[in-house]
Structure formats: C-alpha cells, structure tokens
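Biologist: I would like to go through the charged residues of this protein. Please show me the sequence and the structure.

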Amino acid sequence: MAGFPSVADVVTLLKADEFEEAKETQVDMLLDFAISEFKTLANNNIENTEYEKQKYIERTKTLTLGARPITEIKLFKINDADVNGEDYILEAALGVIKFKVAKTGTVKINFSAGYEADDIPNDIRKAILFQVIDWINKVEDRLGKKSVSIGGETQSFLTDSVLPEFLETAKRYEIMNYG
C-alpha cells in the first residue's frame, strides 16, 4: 500500500510525459481538495490521529469511539479507575469497544486511529485518483482522454460533481456520529 495519491500518480494515469509547473500546481490543489472532500464525506480523518475523549455512559455495553481503525489505546479509565483489557473486546476496524459487563460512569480514553501514511487503502487511493482525473477532464480536455485504465479496469469520466465510486468508497469508510 502507499500514501494518498500524488501529482506523479495523476500524470502517470493520464499517460502524460510531464505537466507544466502551473498544471502540476493545479493537480496538487485538486488532490488536496479531493482528499479533504473524501474525509468530509466519510466523516473520518483517515490518517492516523491521536484522540482524547471523555463521555458519560450509563449501563452501556458498547462504546463507539468515532474513529477507526483503532491502532492503539493509550489510556482507558472509567470513573478514574483503569479499565483492564480483560474487561472488554476491541473491534479495532470498527472503532468499537464492547464491554463484557455493562458500564456506568465517566469514560476517559486516549487512543490513536486511522491509517499510517504508507498504508492508505488502495480503494481510497483509486477513488481520489479517479475523482481528480474526472475534475481535470471537466475543466479542460487537455489530453483528449475520455477514460483511463488501471490494472485492466477502465474508468469512464462522468459529468456529476463527484463520481459515484468516490461517494461509495467514502461511505464504506464513513463514521456515524450518534447523539
């Protein structure tokens, strides 16, 4: 896996030998915007981030942390008492803690969640790349491209503001906030 897409990734997909510096700057801005838009649609920072949360819970067996995947729990207390790892099951990929017995009290938790820069999932990279290429082709058909092919899969460019595949991928990584 690799990090978020780069200008070089876009240039490679468009099969362009090189872009003028001004075009590279535009592509870089589009990449930044697509990454930001993806994070917003998914309600998920995606990149590894440290969180500190405090919340009162009452007779709760499931605690949703609002970030995923969980990569590390650094501090976990309920009513200022340490929570033992044997008292819960961490579903890291979902960002959920399941207590073996319902808990009541003030939860304090410090944790890390998200992907390291080199481990951004390929479906996220692909969605962002295709979205940027779509935007490039909408602004100006600079290279006469109507589609690109990655690994034998062809992506035709649509006329919507964001591609359905971009939205679908963001939805798979979406974090729902309740209450």
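Biologist: In which helix is aspartate 28 found?

Modeller: This is a predicted model, in which local features need pLDDT of at least 70, side-chain atom pairs count only at pLDDT 80 or more, and totals for chains, interfaces and linings use all residues. Residues are numbered from 1 along each chain as its sequence is written, and side-chain values use heavy atoms, with hydrogens and water left out. Helices are DSSP runs of H or I with at least four residues, strands are runs of E with at least two, and both are numbered from the N terminus. Residues 21-42 form the helix that holds aspartate 28, namely α2.

Biologist: Is aspartate 28 buried or exposed, or in between?

Modeller: Buried means under 20% relative accessible area, exposed over 50%, and partly exposed in between (1.4 Å probe, protein chains only). Aspartate 28 has 38% relative accessibility, so the residue counts as partly exposed.

Biologist: How many salt bridges does a search of the whole structure find?

Modeller: A salt bridge is a side-chain nitrogen of Lys or Arg within 4 Å of a carboxyl oxygen of Asp or Glu. With the whole structure searched, the number of salt bridges is nine.

Biologist: What is the relative accessibility of arginine 59, which meets glutamate 58 in a salt bridge?

Modeller: The side chains of glutamate 58 and arginine 59 come to 3.2 Å, N to O. Glutamate 58 is partly exposed, at 43% relative accessibility. Arginine 59 counts as exposed, and its relative accessibility is 66%.

Biologist: How many residues apart are lysine 108 and aspartate 80?

Modeller: Lysine 108 and aspartate 80 form a salt bridge, with the closest N and O atoms 3.2 Å apart. The pair links distant parts of the chain: lysine 108 is in strand β5 (residues 96-113) and aspartate 80 is in the loop between β2 (70-78) and β3 (81-82), a separation of 28 residues.

Biologist: Which residues does lysine 108 touch, not counting residues up to four places away in sequence?

Modeller: Contact means heavy atoms within 4.5 Å. Lysine 108 is partly exposed, because its relative accessibility is 30%. The residues that lysine 108 touches, with those up to four places away left out, are Lys53, Gln54, Leu75, Phe76, Lys77 and Asp80.
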